[in-house]
Amino acid sequence: MQLFDTATRALQSLTPRDGRVGMYVCGITPYAGGHLGHAFTYHTFDLIARRLRADGIRVRSVRNVTDVDDDILRVARERGADYRAFGDEQLARFDRDMADLGIADVDAEPRATSRVPEMVSWIAQLVDAGAAYDRDGWVYFDVTRHRRYGELSGLDEATMLRLSRERGGNPDDPRKRNPLDFVLWQPSLPDEPSWPAPWSAGRPGWHIECTVLSAAELPLPIDIHGGGDDLIYPHHESELAQARAAGVPAYVRHWVHVAMVGYQGEKMSKSLGNLVFLRDLLERLPAAVIRLVLCAHHRRTAWEYTDGELAAAQSRWLAYRSAITSGAGLDSAAAQVVRDDVLARLDDDLDTPGAIAVLDAAAARLAEPGAPSGGHVSAAQLLAPLLDLLGARIAPG
């Protein structure tokens with residue numbers, strides 16, 4: 001399998017180590033249900049795991065939960081709810097959405113609150129190394145001590161400043177030595193959870209959470225680390241800087257990111273409120289139809305959702321189901337060509353549009369008048385496993 005790597009900006013071959021691959025995907029902050037943008041990201045990494053496992057590779061898949069940060073505390077406060085109970089409720093909603101969509105269970109779903117003492121230790125190491133500094137109980141990472149900061153994203157300072165301001169980085173914080181310095185630790189407000197630390201009773205910053213959780217769950221370097229491409233900067237850039245400054249020479253082998261899904265002219269996001277919730281779609285249509293909507297788009301190409309997407313995917317689903325139940329078949333050689341073509345498309349940076357184009361042609365061939373019946377490989381034997389590999393399971397019969 002070849003995947004486009006964000007760090008090298010080129011296709012890179014994924015080579016398992018001892019037949020194993022470790023994959024860390026940044027998860028949700030649980031304060032709302034799963035939406036189509038979430039689905040596109042987690043669908044992508046689910047397909048990577050499915051494809052690798054089909055070749056007998058053992059995949060350990062980790063997806064964290066950011067169960068303490070500004071957003072979840074703010075929403076819980078607005079609702080008069082305990083942040084832990086609120087987070088548990090929202091996480092259960094999200095996990096149910098993913099399961100009903102056919103996303104395979106991850107092997108670990110660590111919460112940020114589960115490893116705060118390790119985060120304190122990691123931050124103390126950065127302070128001792130001179131890579132971080134304390135100001136009034138706040139601890140910041142000093143980006144000037146990391147000359148390669150910005151290398152992952154490839155952004156210039158002006159762009160990083162703009163994105164930092166847009167994404168909660170607060171470059172105007174007067175305690176910072178440099179506007180791009182980011183928070184490792186912050187004092188908690190009276191109504192917020194807090195943990196003991198040398199600098200203040202407080203809580204960790206967002207970026208340190210994933211560095212510590214990923215290093216605790218998977219052997220370093222992590223084979224695949226990723227999420228939505230809005231995380232490249234500042235989140236993953238900062239994760240990488242922290243790891244290097246803490247003496248980790250090789251943190252990640254492959255950085256893999258997924259493009260954004262738009263709706264009503266904007267990126268789909270909780271902050272904008274332009275969400276298409278998965279639960280609403282799942283109540284209208286089979287999960288396989290939604291997975292086919294997602295498969296119609298390449299993971300690195302941003303796209304905008306419309307109801308026409310659902311209509312096209314439903315037509316495709318009906319065509320596949322008709323072929324599977326038709327009784328038609330192909331000879332072994334022709335069926336193998338279809339299988340090989342689908343796998344080749346998936347191995348080429350997870351080209352799901354190319355894979356379903358192969359399936360479209362096969363389904364059309366099987367549905368033609370006079371298509372052979374009783375072939376060596378029936379349509380059900382051919383198409384059903386390939387659709388299952390794409391997460392779009394259509395049961396024969």
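Colleague: How many of the 11 residues of helix α13 (residues 379-389) are buried?
Modeller: Quick caveat: this is a predicted model, where local features need pLDDT of at least 70, side-chain atom pairs count only at pLDDT 80 or more, and totals for chains, interfaces and linings use all residues. Residues are numbered from 1 along each chain as its sequence is written, and side-chain values use heavy atoms, with hydrogens and water left out. Buried means under 20% relative accessible area, exposed over 50% and partly exposed in between, using a 1.4 Å probe and protein chains only. Helix α13 is largely enclosed by the rest of the structure, because its count of buried residues is eight of the 11.

Colleague: Which residues in α13 are buried?
Modeller: The buried stretch begins with the pair A379 and A380. Next come L382, L383 and A384, and then L386, L387 and L389.

Colleague: What radius of gyration does the chain have, with its 397 residues?
Modeller: The radius is taken over C-alpha atoms, and the globule rule is 2.2 Å times the number of residues to the power 0.38. The C-alpha atoms fill a box of roughly 80 × 45 × 35 Å along the principal axes. For 397 residues a compact globule would come out near 21 Å, which agrees with the chain's 23 Å.

Colleague: What share of contacts in the chain, between residues at least 6 apart in sequence, join residues at least 24 apart?
Modeller: A contact means heavy atoms within 4.5 Å. For the chain as a whole, 55% of the 397 residues count as buried. Of those contacts between residues at least 6 apart, the share joining residues at least 24 apart is 78%.

Colleague: Which are the edge strands in the open sheet of three strands?
Modeller: Two strands pair if DSSP finds at least two bridges between them. The sheet has the order β12-β11-β13, with mixed pairing. Strand β11 (residues 261-263) pairs with β13 in the parallel sense over two bridges, and V261 stands opposite W303 in β13. Pairing on one side only marks the edge strands, β12 (266-267) and β13 (303-304).

Colleague: Where does P234 lie, given the cis peptide bond that joins Y233 and P234?
Modeller: Two cis bonds are worth a look. From L220 to P221 the bond is cis with omega near -5°, and P221 lies in the loop between α6 (206-217) and β9 (222-228). The bond joining Y233 and P234 is cis too, with omega about 5°. P234, though, lies in helix α7 (residues 232-245).

Colleague: Is D349 buried or exposed, and what is its relative accessible area?
Modeller: Start with R9, which has a positive phi of about 55° although it is not a glycine. R9 lies in the loop between β1 (2-5) and β2 (10-13) and counts as partly exposed because its relative accessibility is 42%. D349, in the loop between α11 (332-347) and α12 (352-367), also has a positive phi, near 55°. D349 is buried, with a relative accessible area of 2%.

Technical notes:
Helix = DSSP H or I, 4+ residues; strand = E, 2+ residues; numbered from the N terminus.
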